[in-house]
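Please look over the structure shown below before reading on. The report that follows is meant to be read with the model open beside it.

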Amino acid sequence: MSKSKLIRLAACLIPAIVIWLLPLSLFGEHFAVTEQRMLAIFIMAALMWILEPVPAWVTSTFSILVMLFTVSTGGIGPLVEGIDEKHIVSYQSLLGSYADPIIILFLGGFVMALAASESGLDKDVANILLKPFSRNPKLLLLGFMLTTALMSMFVSNTATAAMMITMIAPVLNSLPEDEKGKTALALAIPIGANIGGIGTPIGTPPNAIALKYLNDPAGLNLNISFGQWTALMTPLMLVIVFASWLLLLKLFPFKNKELKINMDNGGKKPIEKWKYITIAVTIVVTILLWMTDGLTNLQISVIALIPITVLSFVGIFTGKDLQKLDWSVLWMVAGGFALGTGIIDTGLANDVINAIPFSSLSAIGVIVISCIPVCSTVLSAIL
């Protein structure tokens, strides 16, 4: 490990160790020792995710291991003996984070994305979506943003951006250096991918995490379906896309009146027709079932097993393809779920919430206070 990483690791571990070793009495009369440990583990994990002395998924597995040893029913004897059951976490719950239904949901999405990419289906869909925007540079910019956003609703932001960049690259290369609209086109892909991710529960990991806790029977228990989320968030997503489009046009106006776009398949070898049709039908059926889960009463994570099972059974999705999935993202998300379980089950969440006078705050105040940790984390990661 490099000197820089060692310094960052120390910056993550030292605050956590200090909190761990502080006298318990400083935290309040009813504060349990496992709550103190959980607070230290949470701060450690948050700092490690921000400063990245190790990969994000490694932080997740390390945090889970520390929790298993120190705050769970499967922990080291002297560390957990005599602790009240209401302040200790079930080790099965922590290990179950790796197979949480939301993890299965993402796994199904990853399999569909990989199958679409390997078959060329993703580019075919993108080409169809872009055709109505012709060669008008302003409309083409909007087309790229909408296409990227719509595809990012069902395919990971990274995969969508990678695919769309290959399509927009010839356009960017054909433009003169003094064309300000070139910057707008380049920015259209990451902006569209990030905005589109809010449209569905599988669009981006934070959505799945939020849905898990919104639907938790022991929590808010709102029973929000895939279709309900999509119906509510898609209009908002489209409004943000159009607003971003107008802003890009204002900041980076086009000089050229006409642009050309490359519609080839990137030189990929065509797959057998039956495989292409099977992939397309499986993806369409899965998405339709997701959108109508409120009618069928099927759990979205159960539906996510359809593409995994069907494409594997017919031999389209193989063991080699399994190795191409982004398992690091799944393990990283699992770490977030495990931290959430630990914070809730030890009682730390309840004590922290009770310490903040939410009842005396306005709705806007609650939102602002809730957003501060998230915004601070994002800014810290950027800086």
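## Basis of the report

The structure described here is a predicted model, and residues are numbered from 1 along each chain as its sequence is written.

## Aromatic pairs

A pair of aromatic rings is described by the distance of the centres and the angle of the planes. The count comes to four aromatic pairs when ring centres must lie within 6.5 Å. In one of them, the ring centres of Phe27 and Phe31 are 5.1 Å apart and the planes stand at 15 degrees, so this pair is stacked. Phe27 is partly exposed, because its relative accessibility is 26%, whereas Phe31, with a relative accessible area of 12%, is buried.

Another pair is made by Tyr98 and Trp331, which are arranged edge-to-face, with 5.5 Å from centre to centre and 65 degrees between the planes. This pair links distant parts of the chain, since Tyr98 sits in the loop between helix H5 (91-95) and helix H6 (101-119), while Trp331 belongs to helix H18 (residues 327-345), 233 residues apart. Both partners are partly exposed: the relative accessibility of Tyr98 is 28%, and that of Trp331 is 37%. Together with Trp57, the residues Tyr98 and Trp331 form one aromatic cluster.

## Helix H3 and what covers it

Helix H3 covers residues 56-70, which makes 15 residues, and it reaches 21 Å from its first C-alpha to its last, close to the 21 Å expected at 1.5 Å a residue. Several residues of H3 are buried, among them Ala56, Thr59, Ser63, Ile64, Val66, Met67 and Leu68. The buried residues of H3 are covered by elements that include helix H1 (3-21), helix H2 (33-51), helix H4 (77-80), H5 and H18.

Where does Thr346 lie? Thr346 is found in the loop between H18 and helix H19 (348-355), and it counts as buried because its relative accessibility is 0%. A polar atom of the Thr346 side chain lies 2.7 Å from the backbone oxygen of Gly342, and the backbone oxygen of Ile343 lies 3.5 Å from a polar atom of that side chain. Leaving aside residues up to four places away in sequence, Thr346 touches Thr34, Glu35, Met38, Lys86, His87 and Val89.

## Salt bridges

Side chains of opposite charge can pair when their charged atoms come close. How many salt bridges does the structure hold? There are three salt bridges, and one of them joins Lys324 to Glu118, with 3.8 Å from N to O.

Asp321 counts as buried, at 12% relative accessibility.

Key
This is a predicted model: local features need pLDDT of at least 70, side-chain atom pairs count only at pLDDT 80 or more; totals for chains, interfaces and linings use all residues. Side-chain values use heavy atoms; hydrogens and water are left out. Rings of Phe, Tyr and Trp (its six-membered ring) pair if their centres lie within 6.5 Å; planes under 30 degrees apart count as stacked, over 60 as edge-to-face and the rest as tilted. Buried means under 20% relative accessible area, exposed over 50%, partly exposed in between (1.4 Å probe, protein chains only). Helices (H or I, at least four residues) and strands (E, at least two) are DSSP runs, numbered from the N terminus. The expected span of a helix is 1.5 Å times one less than its number of residues. Contact means heavy atoms within 4.5 Å. A polar contact is a pair of N or O atoms within 3.5 Å; within protein, one must be able to donate a hydrogen and the other to accept it, and residues adjacent in sequence count only if both atoms are side-chain atoms. A salt bridge is a side-chain nitrogen of Lys or Arg within 4 Å of a carboxyl oxygen of Asp or Glu.
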